[in-house]
Amino acid sequence: MSAWREKMGSTLAGLRVDEGVLLRWLKLDPWLVFALLLLLGVGAVTVYSASHQNMSQMVNLGARIGMGLVLMLLMARIPPTVYQFWSPWLFGFGVLLLLAVELFGHVGKGAQRWLDLGFVRFQPAEILKLAVPMMAAWYLSLRALPPRPLDILMALLIIAVPMGLIMLQPDLGTAILVGAAGMFVLFLAGLSWKYIAGFVVALAGLLPLLWQFGLHDYQRQRVLTLLDPEADPLGTGYHIIQSKIAIGSGGVSGKGWLNSTQSNLDFLPEGHTDFIFAVFSEEFGLVGVVLLLLLYLFIILRGLYIAVQAPTVYGRLVAGSLSLSFFVYVFVNTGMVTGLLPVVGVPLPLVSYGGTAMVTLMAGFGMLMSIHTHRPFMAAR
Amino acid sequence: MEDEARVRDILLRRAIFAGLVCFFVLAGVVARVVWLQVTAHEHFTELAEKNRTRSEPIPPSRGLIYDRNGVLLADNTPSFQVELVPEQVKDMDATLALLTEILGLDEDELDRFRKALKNGRPFDSIPLKFNLSELDIARLAVERPRLPGVEVQARLTRIYPQAGLTAHAVGYVGRISEREMETIDREAYEGTSHIGKTGLERFYEDRLRGKVGSRKLEVDAHGRSLRILEETPATPGEDLHLSLDVRLQAAAEAALGDFLGAIVALDPRNGEVLAFVSRPTFDPNLFVNGIRSKDYRALMDNPDRPLFNRALSAAYPPGSTVKPMMGLAGLEYGLITPEYRMFAGPYYQLPNDDHHYRDWRKGGHGWVDLDHAIAQSCDVYFYDLAYRMGIDRLHDFALNFGLGRVTGVDLPSEVAGLVPSKDWKRATKKQAWYPGETLIAGIGQGFMLSTPLQLAQMTATLAQRGASYRPHLWRDAPPEALPVIKLSKASFWDAALGGMEHVVNADYGTAKRIKNAPYLIAGKSGTAQVFTVKQNETYNAKGLNKKLLDHAVFIAFAPVDAPRIAVAAFVEHGSSGSGVAAPMTRKVMDAWLLGETLDKNAVTLDAVTTGGRE
């Protein structure tokens, strides 16, 4: 009887939820989880205003956030060794899907990006956002570091093939993100500054060629629009002009939540998706912008800290690359919306409504947490 | 292991470097946002405001025009029109094609619309077709989903209940033309599509128009207005109350009958225009919303020129109606006295000239004094008087009576007529003045030209013995006295006006057929030559083409001792002033002074008010 009671007691004690234990069991990083939830909250609040308080969109958004959080939990539970092992397979699978898109893809908004699997449509390019840095890290972790010229060439090939396929869709935004993710791996692996300088010079030299042959007319137009948005105020320049008006009219303290006239009166297109930063800036002003960017910076720096702390080369390279990719997302989007960069279809990470992008990002953060929380086992190895 | 540490070190340094880059780049974004939200904040706030709001004019309602008894001459009536807002129309060509099918638009309407479209702003509503029928509105309602940017608007449109009766006085409004668009103050006309084109509508345009109001609206990106932020109401235009009496107007028009010509009646005591008739006339309602080219061509091709305002834009030879004025000039210049007599033969001859200046009476008048010369309209008497006076003295005197210059009536397109002078002939014809031309001018022919309005004004001046007022139709304007003609002796007036009294009332008067009125009339007949009879021919009215028949003129005022009305009737090809124009004048005077026609001939207020509609 007493044994039974003892047994019951110990079971109850085991059921008593200890947050530390739970987090440890979930393999989550509390700092990142807190920052990400805050960011998702900011996103939901802003999307609610920018979508003109459309409840069905809020339900969709909730479902996506839920899906992202579940995926993050799952990814965090999987040890980094598993990722490392499956890296080449995932990469190969992703490239095959890109080829499939090229052949049977669904055309949407003038670009062939979607693969319709009957029950769900998704963009295979999303997979490559994770698969390319994983593959590059997998390859380089097997070689002596800093990488030698042949290894660099191999890594570049790993990056170039999917990037080229994505550009063919055409989806310049994603191609840049995928390429950047791969290049960050090389950078963190210690690619010498000489090579980096060489790349920069070569890129500068290639730009005119890329301009002539590598870009579609609409992409060229977007770059020209950046340089002079007033030249075509009702056409391609319209987005940027209206976006700047939204941000500028927000002022230091903003117009207040739900009070964005630019978005409420439909002057700002894509206010709840790619241009949500403009709505956020209009409603929450400079104060909101600084706080939001600080939140982003915190997440990025936390990611870099995780990279530095990672026990394996693979883990370090993947964690660092994912963090810096996240930064590129933030910069490309805010740069575009504020008129610093040309218009490319990159959403504001975890704040913009829609897309598989959010799910991919959450998966990436799950992987980041896995790299951090599985350390003891690694170190033990 | 050392290698591993070195790689770890590299990564650490690279991560720190990357972290710093992230920090500075995001700081750069913040800097950009600071520029947008702080430095350029006001600029962008203004742009956001400009996006969000739109000013819309509220057109004022145009002032109404009434006759002296409150009968409406120009009214506003609600009518439905279809309007298009260009920026809301998806496919303009397809929309116009569909509307053409539904409403049966013609090329005129489409042309007018396209012109307006070219000149207008994309968010301004442009009218396409006016006066929609119930059927049109129903059809549009059915097709509405296929016609974005197309709206049926209830607007006030101008209507002239008296139609042709008052057309030459009241005039009409029409759509603002491209040329007018360049000269008008566009702000004052915002939201207003019409402008006074002729007559009082044009003369008192500023008074009738009113002041445009405005409405500030919140709009969305598609141009839809969401709510009114601010509103300044329009100030309606001022109503005009005229001195014109439509009943007298109708009587005068009836008196003219089928003749072309004009009758103007003034109140000599204050210059009020009581009747203002020009025949033929036209329906001003045709012009309000753009006249159809078929109708316009019919009006333009009509040889009788119905659009021509004969009362003040036509200059005719005044003929013998100038004789009382000539007599006054002779008296004033001391060339004659009331008692002065001369022998008037069948013609007059200048020294050293064998040309015969004929009298209208083949046998001549014998011995005549001024009274007889006026009453019988003796040409020879006035040939002699004019010859002795000289053209320049004649010119100066005639100008005092308002001949040869505009009367300044409150109507547009008045012409000045002409009283010739030596200077005038030298300046315009580059020729010397011939003495014979003075003779002809002395009987109101040759170069002498005057409008029916001027003749009425001269008559009013005679009636008031030299006092006169600027003729005007707007009754609320205070009478504007013109300089009084002062003669050396008041008895001169008695002589000249006595002659005019005898024109009607003496057995020897030319217009004795209109005597026996219950009031005393003083008048003067005139006949203006259209066709010059050669020296050795006689004028045979029956043998002449109607277009070559003489014009008939008659001027008169009554009652003689306290004149209340002065009338000038000018009848084109009426052939005889005393026979044709004088009875017309009598009818107008009867109507005004006895009120007979006004009461008896069914030209009652009611009949007149409703008679013109449609």
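Which residues of E11(B) are buried on one side, and which on the other? In this predicted model, Gly261(B), Ile263(B), Ala265(B) and Asp267(B) are buried on one side of the strand, and Ala262(B), Val264(B) and Leu266(B) are buried on the other.

## Strand E11 of chain B

Strand E11(B) spans residues 261–267, and seven of its seven residues are buried, so the strand is largely enclosed by the rest of the structure. In a regular strand the side chains alternate between the two faces of the sheet. Both faces of E11(B) are covered.

Two strands of chain B pair with E11(B). With strand E12 (residues 272–279), the pairing is antiparallel and runs over seven bridges; here Val264(B) has Phe276(B) as its bridge partner. With strand E21 (residues 565–571), the pairing is also antiparallel, over six bridges, and Ala265(B) stands opposite Val567(B). The hairpin of E11(B) and E12(B) has four residues between the strands, and Gly271(B) in this hairpin adopts a positive phi near 85 degrees.

## Helix H15 of chain B

Helix H15(B), residues 379–389, is mostly covered, with nine of its eleven residues buried. The buried residues include Tyr381(B), Phe382(B), Tyr383(B), Leu385(B) and Met389(B). Gly390(B) follows the helix and has a positive phi, near 85 degrees.

## Backbone features in loops of chain B

Most residues other than glycine have a negative phi, and most peptide bonds are trans. Against this background, a cis peptide bond joins Arg279(B) and Pro280(B), with omega about 0 degrees; Pro280(B) belongs to the loop between E12 and helix H11 (285–288). Another cis peptide bond links Ala558(B) to Pro559(B), with omega about -15 degrees. Pro559(B) is placed in the loop between strand E20 (551–558) and E21.

Arg305(B), although not a glycine, has a positive phi of about 50 degrees. This arginine is found in the loop between helix H12 (293–301) and helix H13 (323–332) of chain B, and it counts as partly exposed because it has 16 C-beta neighbours inside 10 Å. Ser575(B), also a residue other than glycine, has a positive phi near 70 degrees. Ser575(B) lies in the loop between E21 and helix H21 (577–594) of chain B and is buried, because 20 other C-beta atoms lie within 10 Å.

## Confidence in chain A

The mean pLDDT of chain A is 84, and 85% of the residues score at least 70. Within chain A, confidence is lowest in helix H1 (residues 2–15), at a mean of 56, and highest in helix H13 (residues 276–309), at 95. Where pLDDT is low, the predicted coordinates should not be read in detail.

Key: Residues are numbered from 1 along each chain as its sequence is written. Chains are lettered from A and ligands numbered from 1 in the order in which they are written. This is a predicted model: local features need pLDDT of at least 70, side-chain atom pairs count only at pLDDT 80 or more; totals for chains, interfaces and linings use all residues. A residue is buried if 20 or more other C-beta atoms lie within 10 Å of its own, exposed if 12 or fewer, and partly exposed in between; C-beta atoms are placed from the backbone. Two strands pair if DSSP finds at least two bridges between them. pLDDT is the predictor's confidence in each residue, from 0 to 100.
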